[in-house]
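Work through these exercises with the coordinates open. Each task is followed by a stepwise solution.

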Amino acid sequence: MYGAVMGNQNISPVVLVVEDAIFVRNFVMIALSTMGISKIREATNGVEALEILNKEKIDIVLSDWHMPEMEGIDLLKTMRADENFKDI
């Protein structure tokens with residue numbers, strides 16, 4: 001199990017899965033769940049991912065490289081240029 005246990009609380013990272021192919025996105029989310037990660041968010045492209053990143057505290061981003069609207073490399077560059085995402 002990935003989450004750390006503190007007292008009676010299970011601390012699990014919030015993971016954002018960014019993938020345009022639904023079957024791949026679902027596979028990754030199931031794999032994460034199997035590892036004990038319960039806080040999983042999903043986006044179909046970089047634009048959606050940025051919307052989620054601006055609204056929620058995300059600990060880990062797992063992103064596809066080739067997606068419509070905004071590719072994974074552009075998402076990464078945008079995140080690296082934004083001080084709010086420096087710890088992700």
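**Exercise 1. Salt bridges**

How many salt bridges does the structure hold? Describe the one formed by Arg 25.

Solution. The model is predicted.

Step 1. The count of salt bridges is 4.

Step 2. Arg 25 pairs with Glu 42, and their closest N and O atoms are 2.8 Å apart. A salt bridge requires that distance to be within 4 Å, and this pair has it at 2.8 Å.

Step 3. Arg 25 belongs to helix α1 and Glu 42 to strand β4, so the bridge ties together parts 17 residues apart in sequence.

Step 4. Check the exposure of each partner. Arg 25 has 6% relative accessibility and counts as buried. Glu 42 has a relative accessible area of 39%, which makes it partly exposed.

**Exercise 2. Two further bridges**

Which residue forms a salt bridge with Lys 57, and which one with Glu 83? Are the residues of each pair buried or exposed?

Solution. 

Step 1. Lys 57 bridges to Asp 59, with the closest N and O atoms 3.0 Å apart.

Step 2. Lys 57 is exposed, at a relative accessible area of 62%. Asp 59 is partly exposed, at 31%.

Step 3. Glu 83 bridges to Lys 86, with the closest N and O atoms 3.4 Å apart. Both Glu 83 and Lys 86 are exposed.

**Exercise 3. The fold**

In what order do the elements run from the N terminus? What percentage of the residues counts as buried?

Solution. 

Step 1. Count the elements: 3 helices and 5 strands.

Step 2. Read them from the N terminus: β-β-β-α-β-α-β-α.

Step 3. The chain has 88 residues, and 34% of them count as buried.

Step 4. Residues 24 or more positions apart account for 60% of them.

Step 5. The chain exposes about 5,700 Å², with 57% supplied by carbon and sulfur atoms.

**Exercise 4. Nonpolar cores**

Which residues touch the most other members of the largest nonpolar core? Which element supplies the largest share of this core?

Solution. 

Step 1. This core has 14 residues, and Leu 16, Val 18, Leu 50, Leu 53 and Leu 75 touch the most other members.

Step 2. At least two residues come from each of β3, α2 (46–55) and α3 (72–81). The largest share, 4 residues, is that of α2.

Step 3. Follow Leu 16. Beyond its neighbours within four places in sequence, its contacts include Glu 42, Ala 49, Ile 52, Leu 53, Ile 60 and Leu 62.

Step 4. Another core, of 6 residues, lies apart from the largest one. Val 17, Met 29, Ile 37 and Ile 40 are among its members.

Methods:
Residues are numbered from 1 along each chain as its sequence is written. This is a predicted model: local features need pLDDT of at least 70, side-chain atom pairs count only at pLDDT 80 or more; totals for chains, interfaces and linings use all residues. Side-chain values use heavy atoms; hydrogens and water are left out. Buried means under 20% relative accessible area, exposed over 50%, partly exposed in between (1.4 Å probe, protein chains only). Contact means heavy atoms within 4.5 Å. Accessible areas come from the Shrake-Rupley method with a 1.4 Å probe; for residues, only the protein chains shown count as cover. A salt bridge is a side-chain nitrogen of Lys or Arg within 4 Å of a carboxyl oxygen of Asp or Glu. A nonpolar core is a set of buried Ala, Val, Leu, Ile, Met, Phe, Trp, Tyr and Cys residues joined through side-chain atoms within 4.5 Å.
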